Amino acid sequence: MCDLIHYRVEDGLALIGLNRAPVNALDQSLRAALINACERAAADITVGAIILYGAQGLFSAGADIKEFGTEACFAEPSLPGTLTRLSEIHKPLVAALGTLALGGGLELALACGYRIGEPGARMGLSEINLGLLPGAGGTQRLPRLIGAESALNLILSGEQIDAERARMLGILDRIATSAEQLLDEARAYAHELIDCGAPARPAEAWPNPAEDLPDDFLARYRVEHEPRWKSRLAPRLVLSALEAACLLPMEEGLVRELTLFKQAEASRQSRALRHVFFAEREARRIPQIEAAVALRKINKIAVIGAGTLGCGIAMNFADVGIPVALMDLDGRTLNRGLERVRENYQLSVKRGKLSAVQVQQRMELLFGTLDYADLSDADLVIEAVCEKMEIKQQVFLSLEKFCKPGVILATNTSSLDIDALAATVSRPQDVIGLHFFTPANVMRLVEIVRCQATAPDVVATAMDIAGRIGKLPVISGNGAGSIGNRMLEPYAREAHRLVLEGATPAQVDAVLTGLDLNMGVFSMLDLAGIDVSFLMREANRAAIAHDQSYCCLAEELYALGRYGQKSGRGFYLYEGRSRTEDKEIVTLAEQLARELNVTRRCIEDLEIHDRCLFTMINEGIRLLDEGIALRASDIDLVWINGYGFPAHLGGPMHYAEQLGLDTVLNRILHYRHVQGEYGEMWFRPAALLERLVAAGKCRIEKI
Ligand code: 3H9
C-alpha cells in the first residue's frame with residue numbers, strides 16, 4: 001500500500017491511517033489510496049470491522065482546497081463517490097477522530113457508521129467560509145443524524161465544535177479517554193460492534209430530518225436570516241440542500257447536493273473566498289525573515305494611553321492571560337479607561353460569552369499606572385496616545401529612559417512617519433508600528449509596520465504576538481497611513497467630493513453597502529470621529545493644500561464641532577443608536593460648491609462606485625509598486641479585516657481583477673478627462689496599473 005495510507009490488519013480489524021501531511025486534505029491521490037484500502041478491507045474475510053484514523057493524529061481538514069476550480073476536484077474517485085461507496089460497505093466502519101475533522105473530513109466520518117473522537121478534537125462543516133456547501137453528503141447525512149435544525153445551524157455557521165458538543169448533538173457516539181487512547185478505544189469499540197453483530201450502519205436517528213419542525217420552517221428561516229446574508233450565495237444554496245434532505249430520499253438528495261455544490265464551486269464568491277483563505281496563509285511569509293529567527297520573549301505588555309483604543313488593545317492581552325500595564329498621565333482618564341474595560345467585559349457576561357470569574361481573572365491581569373517607572377519590566381510597549389508627532393516623540397523619549405534594553409517599542413499611529421518617530425530614540429532597531437483598528441478588542445486586523453531600522457526578530461516577534469492574541473497580522477512598509485489608511489484617503493476624498501457635486505452621504509453609503517461593505521464611508525467617518533480624520537489631514541496638509549475642495553465638507557463639520565456619533569451629529573443626525581439624514585448637509589454642500597465654483601448635478605450610482613472604488617484600488621496598486629505592500633493579497637486582507645470590505649468579493653485587488661484591470665484603468669482615465677482640473681489633480685493611473693494593462697496581465701503583481 002502506498003505511503004498516503006497506513007494499512008494493517010490486526011485481530012480481525014483493518015486499521016486505515018490517512019497519512020498526507022499536513023492536514024490529510026482529501027486530494028485525488030489520497031481519495032484513490034483510501035478507496036483502495038477500504039475495498040481491500042471489505043474483501044478480506046479475516047476483517048470484521050474497519051477503523052479510519054489520522055496517522056499523524058489529525059483526522060482530516062476536508063477536500064483539497066487547491067483542487068477547486070480545476071478538473072482534479074472531481075477526478076475519479078471523486079469525494080462524493082468515495083464516501084457513497086464507503087457507506088455501502090457491509091462491515092462496520094469506525095471513524096476515530098483526532099485533533100480536527102473539517103468539511104469533507106467530517107463528511108468522511110459521517111459516511112462511516114460509527115464515530116469516536118479524542119477529548120480535544122474539534123469538528124465542523126466549514127465549507128461556508130469558502131463560499132461552498134458540504135458537497136460530499138454532509139447536507140444529507142448530517143440532518144439524518146442530528147435533525148434538520150441543528151444541521152442547518154452547524155452548516156451555516158461553519159463553526160468548529162468540540163467533542164463534547166458533538167457527542168451531545170449525536171455526531172460522536174463516544175469520546176475517548178485521551179488522545180493517546182483514541183486508537184485503542186476505537187479498536188475496543190469495533191470489537192464490541194463485531195461481538196454484538198452490529199449492522200454496518202445503525203438505523204438513521206432522524207429518517208425524516210424535519211419531523212419535529214413546522215411545515216414552513218425553512219421558509220421562515222430564510223425570511224429571518226436572509227438580510228444578514230446580504231448577497232452571499234452559499235447560505236441560500238445550503239438552505240436548498242437542506243430542503244432536499246427534508247423532502248427527498250437520500251440518493252436523490254445526494255444528487256441535488258452535488259448540483260448545488262458545483263454551482264457554488266464555480267461562483268465568483270467562492271473563488272474570492274478561496275483566494276482569501278490562501279492570502280491569509282501567504283501573509284505569514286515575510287521575505288528576508290527566516291522562519292527560524294529566535295523570537296523575543298513577551299511575558300508582559302504595557303499600553304500607553306487609556307483612551308478607547310488603548311483599552312481595547314490592553315484587553316486583547318488580558319484575554320489570553322498576558323499581564324498588561326495600562327498607563328496614562330491623567331488619573332481620571334486612567335480610571336475611566338479601566339472602568340470602560342470592566343464594562344466591556346460585563347457586556348460579554350450578559351451575552352453569555354464570559355463568566356464573572358473569567359472577568360475577574362482578566363481584570364486582575366490589568367494594572368493601571370500613572371508612572372513610566374512601572375513599565376521597567378515590560379517586554380513590549382504599545383503607545384496609543386493622540387495622533388500628534390510631538391506627543392508621540394515625548395512618549396518614546398520617556399520609554400527610552402524607563403524601559404529595559406531589548407523591549408519592543410511599538411506605536412499605534414495610523415498616519416505618522418514611524419521612521420521619524422524611531423529616530424527619536426537610540427534604539428530604532430526595536431521600534432515597530434502595531435496598528436490596531438477600533439474597537440481593538442474586536443477587530444481582527446493588525447498592520448505590522450516595518451521601519452528602515454526594525455530588526456528582523458522584532459518583526460517576527462510582532463507577527464507572532466499578534467497571532468497569539470488571535471489577530472491577523474499583515475506586514476506593511478512605513479509610509480503615511482501604511483496600507484489601509486493610505487487607500488482610505490482617495491476613497492474618502494472622492495466620497496466627499498461627490499457630495500459636493502450633488503450626491504448625498506446616504507446615497508454614497510447606499511452604493512457601498514449595496515456592494516456588501518459593512519458600512520458606508522460617511523457612517524464610518526461618523527463612527528471613527530470627524531475630529532480624528534481632521535487630525536489625519538492635518539498631518540498631511542502639504543500634500544492636499546493644492547485642492548481647496550479637499551474634504552471641505554468635513555472641515556466645515558469639524559469647525560462646527562460636529563464630530564460624528566460621539567457628538568450626536570456629523571454627516572448624519574444621531575439619536576441613541578438611530579441615525580437619520582441631515583438636510584443641513586445638503587445646504588452646506590450647496591454653499592461650499594457655490595464658493596468653490598463646483599457645478600452640482602444629479603450623480604449616478606455607477607459614478608459613485610467607480611470613483612470611490614477605483615481611486616482606492618489605484619492607490620493600492622501604487623502601494624504594491626512602492627513596496628509598502630508586499631503582495632496584492634495582503635492589501636485585500638487589510639481591507640477585508642480592517643475596513644469591512646466583503647470577503648466574498650475577495651478584497652479590493654481581487655475585485656479589480658474580476659472586473660478587469662483594463663476596465664479600472666479606462667474608468668480612471670475617463671474621470672481624469674471629464675473632471676477637468678480636479679481630474680488632472682487626482683485621477684492619475686498608477687504606473688504599475690498602466691504597465692499591467694499594457695502587458696495584458698489579469699492579475700495584480702509587481703512587474
Ligand atoms: C470541502 O471539504 C468540500 C467538501 O464538502 C466537498 C468536496 C466535493 N486543502 O491553516 P494552516 C493547508 S471544502 C488544502 O496554516 P492551522 C494550508 O494551506 C474544505 N490545503 O494551519 C497550509 O498550507 P501552507 C473544508 C489545506 O493549524 C497548511 O495546510 N475544510 C487545507 O492554522 C497548514 O494549514 C476547510 O475549510 C485544505 N482543506 O489551521 C478547512 N487545509 O503551509 C480549511 C489546510 O502551504 N483549513 N491546508 O500554507 C483550515 O481551516 C485550517 O487550515 C486548519 C489548520 C484549521 C485545518
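**Exercise 1.** Determine which residue takes a positive phi in the hairpin of E18 and E19.

*Solution.* Strands (E) are DSSP runs of at least two residues, and helices (H or I) of at least four, numbered from the N terminus. The hairpin of E18 and E19 has two residues between the strands, and Gly576 takes a positive phi near 60 degrees. E18 (residues 572-575) and E19 (residues 578-581) pair in the antiparallel sense over four bridges; pairing requires at least two DSSP bridges. Tyr572 stands opposite Glu581 in E19.

The model is predicted: local features need pLDDT of at least 70, side-chain atom pairs count only at pLDDT 80 or more, and totals for chains, interfaces and linings use all residues. Residues are numbered from 1 along each chain as its sequence is written, and side-chain values use heavy atoms, with hydrogens and water left out.

**Exercise 2.** Identify the residues on the covered and uncovered faces of E18.

*Solution.* In a regular strand, side chains alternate between the two faces of the sheet. Tyr572 and Tyr574 form the covered face of E18, whereas Leu573 and Glu575 form the uncovered one.

**Exercise 3.** State which residues touch the most other members of the largest nonpolar core.

*Solution.* A nonpolar core is a set of buried (under 20% relative accessible area, 1.4 Å probe, protein chains only) Ala, Val, Leu, Ile, Met, Phe, Trp, Tyr and Cys residues joined through side-chain atoms within 4.5 Å. The largest has 82 residues, of which Tyr491, Val508, Phe571 and Leu613 touch the most other members. Helix H25 (residues 605-626) gives the most to this core, with nine residues.

Methods. Buried means under 20% relative accessible area, exposed over 50%, partly exposed in between (1.4 Å probe, protein chains only).
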